[in-house]
Amino acid sequence: MAQPSASDQLVGTLRDTVVSMVRRDGPDLSARQLGVFLTCYLQEGAHTVRGLAAELNVSKPAITRALDRLGELDLARRKVDPMDRRSILVQRTLKGAAYLRELRSIMSEASTAARKSGHVSAETGSRRAAS
């Protein structure tokens, strides 16, 4: 049987990660919420609603809704920028940092399992290699 391509392995790792995140007892984020979360936590510097909207190419109201959910879960918080009171800064939280560590761990496990087994999940549409 053919070995899966690198992109199939990545999609399989993503699928396994998402399934693990959904199954565990914790926040269940939408793709948009996860995109906003990861942008805030993985890119250095101050983040604003306006900047996130521009970076992710979505509307400010969409960013606001995602931040509402992240705020409910204490994964991020908003604060008025003291230098420009019209601007809203997005801040990281301790709970958000813990969530990122957990996400990294789950992704690492999924990636390691995919490499060891030489296959990807059936849901990706790729053939499984003989074990």
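Me: In this predicted model, are helix 2 and helix 3 roughly parallel or roughly perpendicular to each other?
Reply: Happy to walk through it. Helix 2 covers residues 31–42 and helix 3 covers residues 49–56, and they pack at an angle of about 110° with their axes 11 Å apart. Angles from 65 to 115 degrees count as roughly perpendicular. Helix 2 and helix 3 are therefore roughly perpendicular.

Me: Is the crossing of helix 2 and helix 3 left-handed or right-handed, then?
Reply: The pair to look at is helix 2 as it passes helix 3. The crossing made there is right-handed.

Me: Which residues of helix 3 does helix 2 meet?
Reply: Start on the helix 2 side, where G35, V36, T39 and C40 take part. The residues of this contact divide into 4 nonpolar, 2 polar and 1 charged. On the helix 3 side, the partners are L52, E55 and L56.

Me: How far apart are the axes of helix 3 and helix 4?
Reply: Helix 4 spans residues 60–72, and helix 3 packs with it at an angle of about 110°. That makes helix 3 roughly perpendicular to helix 4, and their crossing is right-handed. The distance between the two axes is 9 Å.

Me: Which residues of helix 4 meet helix 3?
Reply: Helix 3 brings V49, R50, L52, A53 and L56 to this contact. By class, the contact has 6 nonpolar, 1 polar and 2 charged residues. Helix 4 answers with K60, I63, T64 and L67.

Me: At roughly what angle do helix 2 and helix 4 cross?
Reply: The axes of helix 2 and helix 4 come within 9 Å. The angle at which they cross is roughly 85°.

Me: How many charged residues are in the contact of helix 2 with helix 4?
Reply: From helix 2 come R32, Q33, V36 and F37, which meet A62, I63, R65, A66, L67, R69 and L70 in helix 4. The contact has 7 nonpolar residues and 1 polar one. The number of charged residues is 3.

Me: Which helix gives the most to the lining of the largest pocket?
Reply: Three helices each supply at least two residues of that lining: helix 1 (6–23), helix 2 and helix 5 (94–117). The top contribution is 5 residues, and it comes from helix 1.

Me: Which lining residues lie nearest the centre of the largest pocket?
Reply: The largest pocket has a volume of about 210 Å³. Its lining has 15 residues, dividing into 12 nonpolar, 2 polar and 1 charged. Nearest the centre lie T17, V18, M21, L34 and L103.

Conventions:
Residues numbered from 1 in each chain as written. Predicted model: local features only at pLDDT ≥ 70, side-chain atom pairs only at ≥ 80, totals over all residues. Heavy atoms only, no water. Axes fitted to C-alpha atoms, helices over the stretch in contact; angles between N-to-C directions. Helix = DSSP H or I, 4+ residues; strand = E, 2+ residues; numbered from the N terminus. Parallel < 35°, antiparallel > 145°, perpendicular 65-115°, else oblique. Left-handed = near helix turned anticlockwise from the far one by under 90°. Contact = heavy atoms within 4.5 Å. Nonpolar A, V, L, I, M, F, W, Y, C, P; charged D, E, K, R; others polar. 1 Å grid on protein atoms, 1.4 Å probe; cavity = no way out; pocket = protein on both sides within 12 Å on 5 of 7 lines; lining within 4 Å. Points joined across faces, edges and corners; volume = space filled by probe spheres on them.
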